[in-house]
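Dear colleague,

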Amino acid sequence: MTGALPTAASLYERVRRVIPPVEWPAFTNDIEAILALKRDRNAVILAHNYQTPEIFHCVADIVGDSLALARKAATVEAQIIVVAGVHFMAETAKLLNPNKTVLIPDLSAGCSLADSITAEDVRLMRQRYPGVPVVTYVNTSAAVKAESDICCTSGNARAVVESLGVPRVIMVPDEYLAINVAAETEVEIIAWKGHCEVHERFTSADIRELRDAHPGVIVLAHPECPPEIVAEAEFSGSTAAMLDYVEREKPPRVVLLTECSMSDNVAVAHPEVEFVRPCNLCPHMKRITLANIRVALEENRHEVRIDPGIAGRARRSVERMLSI
């Protein structure tokens, strides 16, 4: 990486609507150190939409939802990739960049969905439903991906399911995503009972209270939410689809039923939109901080490694998804 580094003042201009001035000085030293380390070490930072604004808007090079990060990870030229996200995202980046160094700043940044299923569970599902292909959400370990036919994200799940040209599929591990996709397709979907600990907390009562308190609010729901939430929302889609909706429709007042930081990150680019924030935080995403991103770059902490016997099969499932 070459060229002059951004200044703290110029970076603060990006996020001043969502980070109070009193908080900014606590971030500047780490931000400046990270920018210099990226340049000196030929490194890039991939940040999920659920990261906090000082990460998402100030140090990240590539941002987006799981699908966007997977696609862009496959084209990264830098030798070091730091994933500001959870562990399965870092594994996916490593699958697509086997000869590069992939770092995750905190090994305990996990995922309730990834923890809800094992490779053995998938093998047992195949035994119970012989010949039925397995579609696996990217929110899973590499070992689970290796037992699957193809991966999907919340943004392309229906397209992936229908691309197989079969009457029935197994879809793991998110039960609500499977139910919500099943409502949009003729393909029969056999679901697993995994749930996202953030999205499963939203209720229909929450939506009614939001509409009573904020007349005219437009409700956008992530498809990991329970089906009754998706049914009551004006729109349901991945975080990328939510961003597209806001950019396209510019609703005067909107609520995003997903992880809390998503609203802050979208609000930066849309001062004309009022964001109502029912704040459900992902404790795993919040384990990633500027401080541990800096340490990751300084000390090569923590390098992601995948057993070669698993990696090849898992890579095939991810690449098959990316080809759609």
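**Helix packing and aromatic pairs**

The buried residues of α1 pack against α2 (25-41) and α3 (53-56), where contact means heavy atoms within 4.5 Å, and helices (H or I, at least four residues) and strands (E, at least two) are DSSP runs numbered from the N terminus. This is a predicted model, in which local features need pLDDT of at least 70 and side-chain atom pairs count only at pLDDT 80 or more, while totals for chains, interfaces and linings use all residues. Residues are numbered from 1 along each chain as its sequence is written, and side-chain values use heavy atoms, with hydrogens and water left out.

In helix α1 (residues 8-15), the buried residues are A8, L11, Y12 and V15, buried being under 20% relative accessible area, exposed over 50% and partly exposed in between (1.4 Å probe, protein chains only). They lie on the same side of α1, because they cover an arc of only 100° around the axis, taken from the directions from the helix axis to the C-beta atoms.

The structure holds three aromatic pairs, counted when ring centres of Phe, Tyr and Trp (its six-membered ring) lie within 6.5 Å, with planes under 30 degrees apart stacked, over 60 edge-to-face and the rest tilted. One of them, formed by Y12 and W24, is tilted, at 5.0 Å centre to centre and 45° between the planes. Y12 sits in helix α1 and W24 in the loop between α1 and α2, twelve residues apart. Y12 is buried at 13% relative accessible area, as is W24 at 8%, and Y12, W24 and F27 form one aromatic cluster.

Best regards
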